[in-house]
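This report covers how the chains of a predicted model meet one another.

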There are 4 protein chains.
Amino acid sequence: MKDYLYSIEMETRDYECDIQGIVNNADYQHYLEATRHKWLQQEGFSFRKWHDEGIDMVVSEITLKYKTPLHGQETFLSCLNLRREGARFIFDQDIYRKEDMKLCVSATVSTVCMVHGRLTRGDEIAALFSKYL
Amino acid sequence: MKDYLYSIEMETRDYECDIQGIVNNADYQHYLEATRHKWLQQEGFSFRKWHDEGIDMVVSEITLKYKTPLHGQETFLSCLNLRREGARFIFDQDIYRKEDMKLCVSATVSTVCMVHGRLTRGDEIAALFSKYL
Amino acid sequence: MKDYLYSIEMETRDYECDIQGIVNNADYQHYLEATRHKWLQQEGFSFRKWHDEGIDMVVSEITLKYKTPLHGQETFLSCLNLRREGARFIFDQDIYRKEDMKLCVSATVSTVCMVHGRLTRGDEIAALFSKYL
Amino acid sequence: MKDYLYSIEMETRDYECDIQGIVNNADYQHYLEATRHKWLQQEGFSFRKWHDEGIDMVVSEITLKYKTPLHGQETFLSCLNLRREGARFIFDQDIYRKEDMKLCVSATVSTVCMVHGRLTRGDEIAALFSKYL
């Protein structure tokens, strides 16, 4: 397994599975979002506080590669790394089935920084994230 | 079929179905909520505007009776009636499979009125809803 | 707090919150379902195995009383009891916000037993559940 | 607007919106999936029938570009094109807000064909889709 900045153990739920008994493609986005929010929470950041200060971190693009499907009530590891690329802050996120550490989903989530509704070069977020970049 | 104040045709989606190929129990609550909001919208009401004026209509209790399950990509009729019972405004909501008009779910949704966060006797909402009660 | 047969700690996720910042009413049904499935899993039961043997436990009615709303990334305790009432197996389920143990949702979930698609008096399930009833 | 093979009018629902009042990123995947399934249904295809015959069309990769957010109870147009690229069948899907035809989401959804669980070169699906390719 690669090195990650953050990883968390999560579990699928039966209602997330479709008729084939596998997790619906869209639900992985929920897992990925929950992972980013948990990491931010752990680091003491708050989307809501930023929002109140006029700073929004907005997902501009996401690519998901589906490798191995998860089933109901399966435990998985959700891992993330962070990097900056110009104005974009990119989360590289991987989801592994815990049982055999098989890679299930590999995602690239690009975010941009808006200040008072205006796209910026990201320096406000870069200052906050300096120790991870 | 009973008389209803409002009814709308809707359709299930495959991602709402679970491993048995039937719509997950919780998704009917989504259909019922969407139906209430569509009715309010049609009547020119707006939850958001009410909220900005300090008035909130809050679901306090819901009972759902599951009669016949819906499957993926099935069309259904979602119908509602409204009545007042003291401080509560009660939506009686039924969902019928369109194909054979079989009753799928029968629900009773009790709502109460909060003004600036305080439970009221509902007179603010009653005034707005007078022509339906 | 009352005595419960089973309780589990869970956490809300931001995507489950609506525009008011509180968990959408339907998502509590997801929490309640996940809790029942976790309990069954812990006790060594399997819906899927039962289904393959022709036995289905089906939700026939659910009543939810909404007391206090949960917000995003809040931890809660989801607790259940089980009782039999004629042909019905009833789960009494309560959800408490962990921080102050305030009751958030109180639910009654009635299930019935189908064997090969036919409603039964529930003796097949009663035999399996004898030690909890 | 570009030419599309298929387009359908849909509407957002309030429960799909998050605390900022905009549709959650993952819900667009639901819209895109529902659009593909509606198109297949209209053309007389059936995922379920294919599955019973051992043929599965599986999403291997999806890229979503988020341009303009949708809000609650907004009507939008969901459009798709289809092309083949080697073993992959690629749906190019765009979502436009109906009110002003602003592009909201632009997606590329790559699917592959599995026959009895084995990845194929896609000739089974190509034969079925010949008139669209």
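## Chain contacts

A:Ile62 stands opposite D:Leu64 in β2(D). Strand β2 (residues 55-66) of chain A and β2(D) run antiparallel and are joined by 5 bridges; strands pair if DSSP finds at least two bridges between them. Helices (H or I, at least four residues) and strands (E, at least two) are DSSP runs, numbered from the N terminus.

The model is predicted: local features need pLDDT of at least 70, side-chain atom pairs count only at pLDDT 80 or more, and totals for chains, interfaces and linings use all residues. Residues are numbered from 1 along each chain as its sequence is written, and chains are lettered from A and ligands numbered from 1 in the order in which they are written.

The contact takes 12 residues from chain D and 12 residues from chain A, with contact meaning C-beta atoms, placed from the backbone, within 7 Å. On the side of chain D that touches chain A, β2(D) gives the largest share, 8 residues.

The table gives residue classes (nonpolar: Ala, Val, Leu, Ile, Met, Phe, Trp, Tyr, Cys and Pro; charged: Asp, Glu, Lys and Arg; polar: the others, Gly among them).

| Contact | Residues by class |
|---|---|
| Side of chain D that touches chain A | 5 nonpolar, 5 polar and 2 charged residues |
| α1(B) with α1(C) | 2 nonpolar, 6 polar and no charged residues |

Helix α1 (residues 25-42) of chain B packs with helix α1 (residues 25-42) of chain C at an angle of about 175°, with the axes 8 Å apart. Axes are lines fitted to C-alpha atoms, for helices over the stretch in contact, and angles run from 0 to 180 degrees between N-to-C directions.

Key
Contact = placed C-beta atoms within 7 Å.
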